[in-house]
Amino acid sequence: MEAGSFVRSIPLLKHHHLPPSHRSFRQYVRVSANLQERGSYKGGIKTRELISEWVSNNDDSVRSLPIYVGGISLLGVLFNRTLSGIAPVADASSSQSRADLLTIGLAVTNILAGLVWLSIRPKSISVVPPRGVECQRIHSNIPERVASELTWSLVVVYDGICVLQIGYASSNEGGEPTVVDSSKLMQGSIYQGVVKSGSQSYLANLSLYPGKSELPFLPSNTQAVILQPLGDKGIAILGGDTIRGFTTSDQAWITLIGEKLDATLSKHMTSLPLAR
């Protein structure tokens, strides 16, 4: 028989619909499997969170654990050599001595690792109260509609003038809030770099940046700063009280607010008689 005729002679299988009870059973099996997978996934996340919390609460014990393991290993080697009757002097020709030397090396490595863990600790990050005075300066000719949007920010410099300074600010010798010198700020490298790049700049740890001196109007212990360009005519400066305190979500909505402020200010500022 030819292959073609053989293939043609095979009857086609008709598609039989399952009874409703069978279909519902299959759906139940699929739903149950999905629920089990989701439950196991959530259970795994919960377990990791519990472990992470336990390690965080027992930081000193966890960091000392390699020292304990290394010390017990050394005692175990000495105890083993004592019971086995092997001479305390290591003999390179003895397989037991070579194994003990390897164990001692690993034990010493554990002890050194524990000492390093105890000596190197991450710097604790905490919220600090700003050292400054409360400040709320809005240009007298700014319309109320524009001011309601400006109050979302700390310092806003637009078109060469400081249209807003709100929140905490450093204080001068008289105890008054330090006034933002717009012209000096615009000449600085921070302002020029942000406006030139056209993208947000996040100084997660302000104390590490030498350009901090260009922001003398912020509290002296400001921990983090976001510099958000407002088109090519201005900048919004937001100070934070925690190192790396601004999350990616914060940076995203600050970018959106910056775009909205740029649209609002570019529309209304051109018709306002603002003194520079």
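**Basis.** I worked from a predicted model, in which local features need pLDDT of at least 70 and side-chain atom pairs count only at pLDDT 80 or more, while totals for chains, interfaces and linings use all residues. Residues are numbered from 1 along each chain as its sequence is written, and side-chain values use heavy atoms, with hydrogens and water left out.

**Entry 1: patch.** I looked up a nonpolar patch on the surface and found that L101, I104, V108, L112 and L115 form it. Together they have about 420 Å² of accessible area (Shrake-Rupley method, 1.4 Å probe, only the protein chains shown counting as cover). Patch residues have over 30% relative accessible area and no salt bridge, and nonpolar side chains (Val, Leu, Ile, Met, Phe, Trp, Tyr) are joined within 5 Å, like charges within 9 Å. A salt bridge is a Lys or Arg side-chain nitrogen within 4 Å of a carboxyl oxygen of Asp or Glu. I placed L101 in helix α4, residues 95–119 (helices are DSSP runs of H or I, at least four residues; strands are runs of E, at least two).

**Entry 2: loop residues.** I noted that D159 has a positive phi of about 55 degrees although it is not a glycine. D159 is in the loop between β2 (155–158) and β3 (161–169). I recorded D159 as partly exposed, at 35% relative accessibility (buried is under 20%, exposed over 50%, partly exposed in between; 1.4 Å probe, protein chains only). R244, also not a glycine, has a positive phi near 55 degrees. I found R244 in the loop between β6 (234–240) and α8 (248–268), and R244 is exposed, with 52% relative accessible area.
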